[in-house]
Amino acid sequence: MTDLGTATHENVSVTPEALAHLGEGHIAYVKQIRSEDVPGLFPQAPQIAPGIKLFALHSADGTPIMLTDSREAAVANAWSQELQAVSVH
């Protein structure tokens, strides 16, 4: 019988700064938000009626990129910018 070895995992500490840059320029995330959350994320956006489900596209560091009414449009925008879109719940 052959010994294939044993995989070990060490605890690795990652600084908040390094974590903030993880995926930068490669990953964007899509998050469902409510219209009530728009002013805090997109202060330049016009006033939107309350109770509307929207989707925000954010860069890996959390910077808002775009706001739309469909998840598909957010993903398409990410792809057009050569970003891999992931969903956040």
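E36 counts as partly exposed, at 38% relative accessibility. Its side chain meets that of R34 in a salt bridge, 3.4 Å from N to O. The structure holds 1 salt bridge. As a general point, side chains of opposite charge can pair when their charged atoms come close. The model described here is predicted.

**Overall layout**

The protein has 3 helices and 4 strands. Along the sequence, these elements follow the pattern α-β-α-β-β-α-β. The protein has 89 residues, and 22% of them count as buried. Take the contacts between residues at least 6 apart in sequence: 46% of them join residues at least 24 apart.

**The sheet**

In what order do the strands of the open sheet lie? The order is β3-β2-β1-β4, and the pairing is mixed. β3 and β4 stand at the edges, each with a single partner strand, so one side of each has no neighbour in the sheet. From one strand to the next, the twist averages 30°.

Strands of a sheet pair through backbone hydrogen bonds, either parallel or antiparallel. β1 pairs with β4 in the parallel sense, over 5 bridges. The pairing of β1 with β2 is antiparallel and runs over 7 bridges. Residue partners across these pairings include the following.

| Residue | Facing residue | Strand of the facing residue |
|---|---|---|
| I27 | Q84 | β4 |
| V30 | S87 | β4 |
| K31 | A56 | β2 |

**Helix α3 on the sheet**

α3 packs on the sheet and touches β1, β2, β3 and β4. The direction of α3 makes about 145° with that of β3.

Which residues of α3 (residues 71–80) are buried? They are A74, V75 and A78. These residues cover an arc of only 95° around the axis, which puts them on the same side of α3. A general rule of helix geometry applies here: an α-helix has 3.6 residues a turn, so residues three or four places apart point the same way.

The cover over the buried residues of α3 includes β1 (27–34), β2 (53–59), β3 (64–68) and β4 (84–88). On the other side of α3, E72, W79 and S80 are exposed. E82 follows α3, and the phi of E82 is positive, near 60°.

I52 lies in the loop between α2 (38–41) and β2. Is I52 buried, partly exposed or exposed? I52 counts as partly exposed because its relative accessibility is 35%, and that class lies between the 20% and 50% cut-offs. Leaving aside residues up to four places away in sequence, I52 touches I33, R34 and S35. I52 and R34 are 18 residues apart in sequence, and 5.7 Å separates them in space, C-alpha to C-alpha.

Key:
Residues numbered from 1 in each chain as written. Predicted model: local features only at pLDDT ≥ 70, side-chain atom pairs only at ≥ 80, totals over all residues. Heavy atoms only, no water. Buried < 20%, exposed > 50% of the residue type's maximum accessible area, 1.4 Å probe, protein only. Helix = DSSP H or I, 4+ residues; strand = E, 2+ residues; numbered from the N terminus. Arc of directions from axis to C-beta. Contact = heavy atoms within 4.5 Å. Salt bridge = Lys/Arg side-chain N within 4 Å of Asp/Glu carboxyl O. Pairing = 2+ DSSP bridges. Axes fitted to C-alpha atoms, helices over the stretch in contact; angles between N-to-C directions.
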